[in-house]
Structure formats: structure tokens, C-alpha cells
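Let's take a walk through a protein model together.

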Amino acid sequence: MDRVKKERKIPVVVTMADVCCSGGYMIACVADTLFAPRGTMTGSIGCIMQIPNFEGLSKKLGVTYVTIKAGKMKDIGNPSREMTEEEKEYLNGFARETHDIFRNLVLSHRPDIKNQDEMFDGRPVGAVQARENGLIDEFGGYYDAYDHLLHLMGEDNDKHVEFWQIEHKKGFLLRLLGGQTLLSGKDILSLLTDSAIRIR
């Protein structure tokens, strides 16, 4: 979206659905104007890693692991053993670095966010709190955003706007994992967007 704004000089308006948190907000915050219904959950500007430890279960089942590695950090996150303090500190540093990138990206597009200690600590917030603190601009849904886009374009009708539908069918693996898998940027946009507006 940032390239659309800068290179093509096209206004970008985003409307959120029920949930637009974390990576969803990272994409949405680039917009010139951000709408959300009052029931939307958004924010969650943070970074998280959750690494399971199956060591106790493996012992009960009589399963053992042999790890062959070169480099002491090569098996960081190995679920067959407890993580060392050195490994935890390294991953904490990685999470803090990623969080800083996320925070700076949001602030580059929305520099007037209030109560930044709270808004950037990873908490999800409702649309009312998001608007009070500058994470979104207006309450509203699809048609409110559409009318606002026409206003930004200086149009009184949609003769220069073409609607098109994006369909995304989840594959078996994605359904099985409940969406917990790595997706390309194209896949993410397809999942986040039910429909889009293209300017002719």
C-alpha cells in the first residue's frame, strides 16, 4: 500500500473487520484514513514467540533425541530440552528488535499516537480505545470507507472506481493448522481482504 501511495499518488482508505491485530494492523496503518466498526479488535503491536518443551512428555513415552550440530546456537528452540538462559536472552533480543521495527513503522505513518507505552506493549484494544489514542481515524465500515475514498478523489460518483473480488480457498494443511502457518504477502492480503477497490 505504501508503494501505491508514493509511486502512483493514489489515496488509500482501509476498513477493518472484526479483528485486525498485529500483522493486520501493520498493513492497515499505512492507509491515509483508517475506519473500524465499534466492535473491532485491533492493535496488538508487539512480537511473540512460543516454543513448546516436550522433554517431560518424551521421558514418559521413552522417546529420546540425539542432536548433532556445529555451533552452540544451531538447535535453539529445540523442543526436546529446556532452553538455556543464554538462548532465552538471545531470542528476547530478537523479539525486542522486531518490536522496535514494528513500532517505528507504525509511528512513521501515525506519529500522533497517544499513550504510546500502552499502545505499543502488545495489548489488543477495541475500536473506541483505538480511536481515542490515534490508532484509527473514524468509526465505520465498508460503505463509510468507500464514501470517504470518493471524497478524497474529489468524485461524486463511482464512475472511476472498479470493484473486484478476491477469493481465497484454504488448502487442507492451512485448515488443519487453523491458519498457523507461514504465508506469502499475497496470501496474507487474500486472507485479510474480502473485496477491494481499484481506481481506473
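Predicted model: local features only at pLDDT ≥ 70, side-chain atom pairs only at ≥ 80, totals over all residues.

Residues are numbered from 1 along each chain as its sequence is written, and side-chain values use heavy atoms, with hydrogens and water left out.

So where does Ser 80 sit? Look in the loop between helix H3 (55-61) and H4; helices (H or I, at least four residues) and strands (E, at least two) are DSSP runs, numbered from the N terminus. Leaving out residues up to four places away in sequence, Ser 80 touches Asn 53, Glu 55 and Tyr 65, where contact means heavy atoms within 4.5 Å.

Follow the chain on into helix H4 (85-109). H4 has 25 residues and spans 37 Å from its first C-alpha to its last, close to the expected 36 Å, which is 1.5 Å times one less than its number of residues. Its buried residues are Glu 87, Leu 91, Ala 95, Phe 102 and Val 106, and they pack against H2.

That brings us to the inside. The largest nonpolar core has 22 residues, and Met 16, Tyr 25, Val 106 and Leu 135 have the most contacts inside it. A nonpolar core is a set of buried Ala, Val, Leu, Ile, Met, Phe, Trp, Tyr and Cys residues joined through side-chain atoms within 4.5 Å. Helix H2 (23-28), strand S3 (33-36), H4 and helix H6 (127-132) each supply at least two of its residues. There's also a second, separate core of five residues, including Val 13 and Phe 35. In soluble globular proteins, nonpolar side chains tend to be buried together.

Finally, find the sheet. Three strands form it in the order S2-S4-S5; the sheet is open and the pairing is mixed. Two strands pair if DSSP finds at least two bridges between them. Strand S2 (19-21) and strand S5 (124-126) are the edges, each pairing on one side only. Strand S4 (residues 41-43) and S5 run antiparallel, joined by three bridges. In one of these strands, S5, Pro 124 is the bridge partner of Gly 43.

Definitions and conventions:
Buried < 20%, exposed > 50% of the residue type's maximum accessible area, 1.4 Å probe, protein only.
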